[in-house]
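Morning, everyone. I have one model to show today. Please take a look before I start.

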Amino acid sequence: LFTTVDEENLVTCNKERLLDLLSDPNLKIGFGDVTKSERDEITSLADSISIPTAISSALPNDSRWELLYASAPDFLGLRGGPLSRLISIMQTIDDNGSELSVIIEYAPSDTILELASKDFFRNILEATRNKPLEEERLKQTVSFYLTQNGGELELRPKGTKITGDRFGGENWIPSPNLVLPEVVAGKGPLGSCRVLYNDGDLRIDRGGDYLGIYRFLS
């Protein structure tokens, strides 16, 4: 709990400033793909909120979170490429709090939408598709076994799958739900981070140099 009213007010004001900054439509989703001044301000505000006496509660079961910012570079190319663009990254906790899933959602890229607007491709798509191409979505889900020890989140790999909306007039056939063999699942590299702040609305995680900021959805 906060030790003084001034301390609580400071955290409240800095939280509002941080959310305003992260809601800027010109700020790209996550991965620290921002200017140095923006990155420094985000880090400074997050640190000022994550004081030792601030609120930090365990992640609730059956909850959904949206990634607002991550300091790690996009070394996996999650933003997409010539065919797709990143829409959102969600994080879900299952009913009993033992599994954490990261859901990465993509939409067709501007290049694909521009190509599809050409007469030849538009006529083909209009004859075979049930919805506008810009509404098509592709989701990759990566699941982890989750253990919470106080504010520490420990993760071990579980599996992955890819799903999508209707495409080409037919239901998208999802990829098999790749669950790692029992001898491998939960035995892989252990990832961990600490929840430094969680008031049920905003959450701030740190793991080494990594800074992750999430907003509670449901």
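Start with two helices. Helix α1 (residues 5–22) packs on helix α2 (residues 36–49) at an angle of about 150°, with the axes 9 Å apart. Helices here are DSSP runs of H or I, at least four residues; strands are runs of E, at least two; both are numbered from the N terminus. Axes are lines fitted to C-alpha atoms over the stretch in contact, and angles run from 0 to 180 degrees between N-to-C directions. So α1 and α2 are roughly antiparallel, a label for angles over 145 degrees.

Who makes the contact (heavy atoms within 4.5 Å)? From α1, the residues include Val11, Leu18 and Leu22; from α2, they include Glu38, Ile42 and Ile49.

A word on the source. This is a predicted model, where local features need pLDDT of at least 70 and side-chain atom pairs count only at 80 or more, while totals for chains, interfaces and linings use all residues. Residues are numbered from 1 along each chain as its sequence is written, and side-chain values use heavy atoms, without hydrogens or water.

Now the strands. Two strands pair if DSSP finds at least two bridges between them. β1 (residues 63–70) runs antiparallel to β9 (residues 210–216), joined by five bridges. There, glutamate 66 sits opposite arginine 215. β8 also pairs antiparallel with β9, over six bridges. Arginine 203 has tyrosine 214 in β9 as its bridge partner.

Last, confidence. pLDDT is the predictor's confidence in each residue, from 0 to 100. The protein's mean is 78. Strand β8 is highest at 93, and helix α4 (residues 119–128) lowest at 58.

Note on methods. Angles under 35 degrees count as roughly parallel, over 145 as roughly antiparallel, 65 to 115 as roughly perpendicular and the rest as oblique. Contact means heavy atoms within 4.5 Å.
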